[in-house]
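Keep the wording brisk and give the cut-offs.

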Amino acid sequence: MGKDVIVACDFSSREEVISFLGKFPGKKPFVKIGMELYYALGPQIVREIKERGHRIFLDLKLHDIPNTVKKSMRVLSELDVDMTNLHAAGTRAMMEAALEGLTRPDGSRPILIAVTQLTSTDQTRMQSELLIDRPIDEVVLHYAENARLAGLDGVVCSPLEAEKVHGRCGADFVTVTPGIRFDLGSAGDQKRIMTPAQAKAAGADYIVVGRPITAAADPVQAYERCLAEFLD
Ligand code: C5P
């Protein structure tokens, strides 16, 4: 699996995202399209960004009964994205059904990764609201293992978990890590963060970077800095 920087395009209008991507002439960053943009503009924005030559991580986090997820993944497979995801909490049966749905008639398919526990869920809430009593790190690793057993390619996780996930699920199991900041003092709403260089040292395969690039005075320079710190 290749290592790369994925730019989270968390915008809600076509104008914003197209003008943002227009700042990268000659460069085609790997972009993440999340629920906000997808629900605002639908599959057409995915096709348009794909036609502009970008690789796409479609971050829709599916979670439903296996049959519904399978049929939805079949629809998404036609969008020709490079990576997509679901919630591991949907169980192995749901993840296996998702893989089946996502696999195109020629056998090809996007990379499929699982969300384990959302980073917004902490130990206290997991215990009191979800009635899961085990330590959250153990839950994350167990869900990652379920994803691996279902045949998925990897998980979304905090950069602080990437090493443990590789230890449990193997070096080839892909770790996609948000929570990246150049300056560890500028976390914003992210709680567990690393710099691109630290994420590289921790063995992350892909880093997802949003505001440090999208809100930078010079987004292209910020993107180049991420690439240099993470890949070189
Ligand atoms: O702006 P920032 O760099 O914090 O953006 C991170 C991106 O990664 C956002 O699109 C956010 O929704 C996503 N994400 C995350 N933590 C997760 C899963 C996804 O920050 N556990």
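Predicted model: local features only at pLDDT ≥ 70, side-chain atom pairs only at ≥ 80, totals over all residues.

Residues are numbered from 1 along each chain as its sequence is written, and side-chain values use heavy atoms, with hydrogens and water left out.

**Strands**

Helices (H or I, at least four residues) and strands (E, at least two) are DSSP runs, numbered from the N terminus. Buried means under 20% relative accessible area, exposed means over 50%, and partly exposed lies in between (1.4 Å probe, protein chains only).

Strand β4 spans residues 83-87; five of its five residues are buried, so the rest of the structure largely encloses it. In a regular strand the side chains alternate between the two faces of the sheet. In β4 both faces are covered: M83, N85 and H87 are buried on one side, T84 and L86 on the other. L86 has a relative accessible area of 0%. Its C-alpha atom is separated by 7.1 Å from that of L60, 26 residues apart along the chain.

Two strands pair if DSSP finds at least two bridges between them. Strand β3 (residues 56-62) runs parallel to β4, joined by three bridges. There, L58 stands opposite T84. Strands β4 and β5 also run parallel, with five bridges. H87 stands opposite V115 in β5.

Strand β5 (residues 111-115) is mostly covered, with five of its five residues buried. I111, I113 and V115 take one side of β5, and L112 and A114 the other.

**Salt bridges**

A salt bridge is a side-chain nitrogen of Lys or Arg within 4 Å of a carboxyl oxygen of Asp or Glu. By this rule the count is 16.

| Pair | N to O distance |
|---|---|
| R55 and D4 | 2.7 Å |
| D59 and K32 | 2.6 Å |
| R104 and D80 | 3.8 Å |

The salt bridge of R55 and D4 spans 2.7 Å. R55 lies in the loop between α3 (43-51) and β3 and D4 in strand β1 (residues 4-8), so the pair ties together parts 51 residues apart in sequence. R55 is partly exposed at 36%, whereas D4 is buried at 10%.

D59 and K32 form a salt bridge at 2.6 Å. This pair links distant parts of the chain, D59 in strand β3 and K32 in strand β2 (residues 30-34), 27 residues apart. D59 is buried at 7% relative accessibility, and K32 is buried at 9%. A network of salt bridges links K32, D59 and K61.

R104 and D80 form a salt bridge at 3.8 Å. R104 sits in the loop between α5 (91-102) and β5, D80 in the loop between α4 and β4, so the pair ties together parts 24 residues apart in sequence. R104 is buried at 17%, whereas D80 is partly exposed at 40%.

**Backbone angles**

Which phi value does D80 have? Its phi is positive, about 60°, although D80 is not a glycine. L131, also not a glycine, has a positive phi near 60°. L131 lies in the loop between α6 (123-128) and α7 (136-149). At 68% relative accessibility, L131 is exposed.

**Surface patch**

D10, E15, E16 and E36 form a negative surface patch. Patches take residues with over 30% relative accessible area and no salt bridge; like charges are joined within 9 Å, and nonpolar side chains (Val, Leu, Ile, Met, Phe, Trp, Tyr) within 5 Å. E16 lies in helix α1 (residues 14-21) and is partly exposed at 38%.

Definitions and conventions. Areas by Shrake-Rupley, 256 points an atom, 1.4 Å probe, with all protein chains shown as cover. Lys, Arg positive; Asp, Glu negative; His and termini not counted. Charge placed at Lys NZ, Arg CZ, Asp CG, Glu CD.
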